[in-house]
Amino acid sequence: MSDLCFQDWTQVRAQLSAGSLTVERYVEALLAQINAHDGEVNAFLTLCAEDALTQARSLDARFARGEDPGPLAGIPYALKDIIDTEGLRTSCHSAIRAEHVPAHDAHTAARMKAAGGVLLGKLATHEFAIGGPSFDLPWPPARNPWNTAYFPGGSSSGSGAAVAAGMVPMALGTDTAGSVRNPASLCGIVGMKPTYGRVSRRGVFPLSFSLDHVGPMTRRVGENATLLNVIAGYDESDPGSANVANEDFTRGLDEGVRGLRVGVIRHFYAEDIEAQPVVRDGVDAAAQQLARLGADVIEVRTRPLREYIECNRVLLVSEAFAVHEKWLQERPQDYGALARERLSVGAFLSAVDYVQANRTKRALCAEMNTLFKGVDVLITTSSMDETCRIDDAVEVTRTYQRQSRAPFNLTGLPALSMPCGFDSNGLPLAFQIVAPAFAESLIYQVASAYEAATSWHQQQPTLGAS
Amino acid sequence: MDKDELARAAAEAGLENFLALDAEALGRAYTAALGYRERRAVVGPLEAEPAHVFTPSRDVRS
C-alpha cells in the first residue's frame with residue numbers, strides 16, 4: 001500500500017505544480033492500488049488505465065512548461081456509472097445499459113475534465129441507483145474496504161469503496177435518498193449532498209427528477225470543498241439548476257465554530273427510529289466535541305423522521321417508475337430482482353398520491369427551514385445501525401431503511417456525512433451536518449473544525465486482511 | 001391482497017410480464033405502495049397553501 005494513495009489530493013496538487021511529483025507516478029501508484037485490491041473490493045466497472053497514463057504524461061509536459069492546466073490538473077478521479085462519459089460505457093450497473101456509450105459528457109464530468117482531472121474509470125453502483133447490493137447483475141457489487149465481507153452502503157457504492165480504499169482521491173456519486181452519504185458513512189469518508197440545484201444533473205441517468213443530486217466524495221473535508229468548487233454552477237440545460245452565484249466553498253475552513261449555534265435533531269435517532277447505542281453515542285459525542293470547540297449546541301425538534309422518509313419515498317418511486325415504465329413492461333427480466341421490485345412500487349401509486357406527497361413536501365420544507373431561525377447548522381445521524389454483512393440480504397434491507405438522510409433530499413438542503421468513530425466490528429460510524437439552502441460553506445466550516453479536532457480521517461483500511 | 005387483485009393491478013400498469021416472471025416480488029411492490037397510501041400524511045387546508053408551482057429549487061428557500 002502506497003502512502004501516496006491516501007495523501008490529501010490538494011497537497012498532491014501542490015507537489016505536481018512544484019515539480020516534486022509527476023502525474024504519471026501518481027497515476028501509476030493509484031493504478032497499482034486498484035490492480036492489487038479491486039479484485040476484492042469490486043469498486044470499478046471500467047478502468048481507463050492507458051488513457052489515464054497518456055493524459056498523465058501530457059499533463060507532466062504542461063507542468064514542465066510552466067503551464068497551469070487547471071485546479072484538478074493531474075488529480076485522478078472516478079465516476080459513478082450513471083454519470084455519462086463521452087465515448088466510455090455508462091452502464092448504470094445494469095444489463096439494460098451494458099452496451100451504452102454516451103456521445104457527450106455529463107455536465108459534471110465535463111467540468112472535471114476541463115479542470116485537468118484524470119479519469120481513471122467508472123464505478124459500481126446499485127443498479128440504476130436503486131437496486132442493490134445485487135448478485136444477479138453483469139458485475140458484482142462493491143464491497144466495504146474496511147472489511148470486504150461487509151456492505152459498503154449505496155447506491156454510490158463503488159464511489160465510497162474506491163475513495164476509502166485509496167484507489168482514487170475523489171469520486172462523484174449521486175444522492176436521491178442518501179446515496180452519496182450512505183456509502184460515505186459506511187466507508188468512513190466525506191460525502192456532500194449539495195443544495196438541490198447547486199450541481200447540474202445533465203447527463204446523469206435520472207432516478208427521481210425532483211430529488212436527485214450529484215455530490216463529491218473524498219477522504220477529507222478540504223478536498224471535498226475544493227472539488228465542489230469545480231462541479232458547482234448554473235446549467236440552463238438542467239431545469240432544476242439554480243442560478244446562484246459561484247463561491248469559494250473553502251473560504252471558511254479555518255474559521256472554527258466558536259459562537260456558531262448547532263441544533264441537534266436528536267429525536268430522529270433517539271425516538272423516531274431508535275439508533276443502536278454505538279451510533280447514538282457517536283453522534284452525541286460529535287455534538288459534545290463541537291461544544292468543546294466553542295459552538296452553542298442545543299437540541300431541536302421537527303416533524304417525525306418517518307414523515308420525511310415516506311414522503312420522499314412516494315415521490316422517488318413515482319418518478320422512478322415514470323423513467324423505467326417502458327423497460328419494466330417490455331423487458332423486466334433484464335433487471336436485477338431488487339431494482340425490478342423497488343422500481344415497480346411506483347406503478348401502484350396514483351396521481352393523487354404523488355400530488356399529496358408534493359403538498360406534504362412543501363409543508364415539511366417549511367417546517368425544516370423554520371429550525372434555522374434558531375440555529376446556524378443542524379447535526380444528526382446518518383445511518384442508525386452498525387454496518388452489516390453484504391451477504392445478509394434481510395439485514396441489508398432492514399438497516400438500509402433506518403436512516404436520516406432522506407429528509408435532506410426532500411427539503412433540498414445541503415447535508416454532509418463525515419466519520420465520527422468506529423463500530424464494534426471496526427467499521428466506520430458517521431454523522432451528518434446540515435445547513436440552510438446554499439450554505440455549503442458553513443457545513444464545510446463546521447466539518448473542518450471537527451475534523452481538525454479528531455483523528456478519524458487519519459485511519460485507513462487494511463486491505464487484503466478480510 | 002388476492003391473486004386477482006394483483007393481476008388486475010399488474011394489467012392496469014402494463015406489468016403482466018413482471019407478474020409472469022415473479023408474482024411474489026410484484027406482490028411485495030404492490031403491498032408497499034398500498035402501505036405508502038395508507039400512511040399518507042394529512043395535508044393542511046388548501047387556503048394555507050400557496051399557488052402550486054412545483055419548482056423544487058425554489059422549494060428549498062420557501
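Me: Among contacts in chain A between residues at least 6 apart in sequence, what percentage join residues at least 24 apart?

Reply: Two residues are in contact if their C-beta atoms, placed from the backbone, lie within 7 Å. In chain A, 77% of the contacts between residues at least 6 apart in sequence join residues at least 24 apart. This is a predicted model, in which local features need pLDDT of at least 70 and side-chain atom pairs count only at pLDDT 80 or more, while totals for chains, interfaces and linings use all residues. Residues are numbered from 1 along each chain as its sequence is written, and chains are lettered from A and ligands numbered from 1 in the order in which they are written.

Me: How many helices and strands does chain A have?

Reply: Helices (H or I, at least four residues) and strands (E, at least two) are DSSP runs, numbered from the N terminus. Chain A has 15 helices and 11 strands.

Me: Where is A:Ala287 found, and is A:Ala287 buried or exposed?

Reply: A residue is buried if 20 or more other C-beta atoms lie within 10 Å of its own, exposed if 12 or fewer, and partly exposed in between, with C-beta atoms placed from the backbone. A:Ala287 is found in helix H9 (residues 277–292) of chain A. Because 22 other C-beta atoms lie within 10 Å, A:Ala287 is buried. Beyond its neighbours within four places in sequence, A:Ala287 is in contact with A:Val262, A:Val264, A:Val297 and A:Ile379. For chain A as a whole, buried residues make up 61% of the 466 residues.

Me: At what angle do the axes of H10(A) and H12(A) cross?

Reply: Axes are lines fitted to C-alpha atoms, for helices over the stretch in contact, and angles run from 0 to 180 degrees between N-to-C directions. The axes of H10(A) and H12(A) cross at roughly 140° and come within 9 Å. H10(A) is therefore oblique to H12(A), since angles under 35 degrees count as roughly parallel, over 145 as roughly antiparallel, 65 to 115 as roughly perpendicular and the rest as oblique. Among the residues of H10(A) that meet H12(A) are A:Cys311 and A:Leu315; A:Ala357 and A:Leu364 are among those on the H12(A) side.

Me: Which elements give two or more residues to the side of chain A that touches chain B?

Reply: In total, 38 residues of chain A are in contact with 30 residues of chain B. The elements concerned are helix H10 (305–330), helix H11 (337–344) and helix H12 (351–370) of chain A. H12(A) supplies the largest share, 11 residues.
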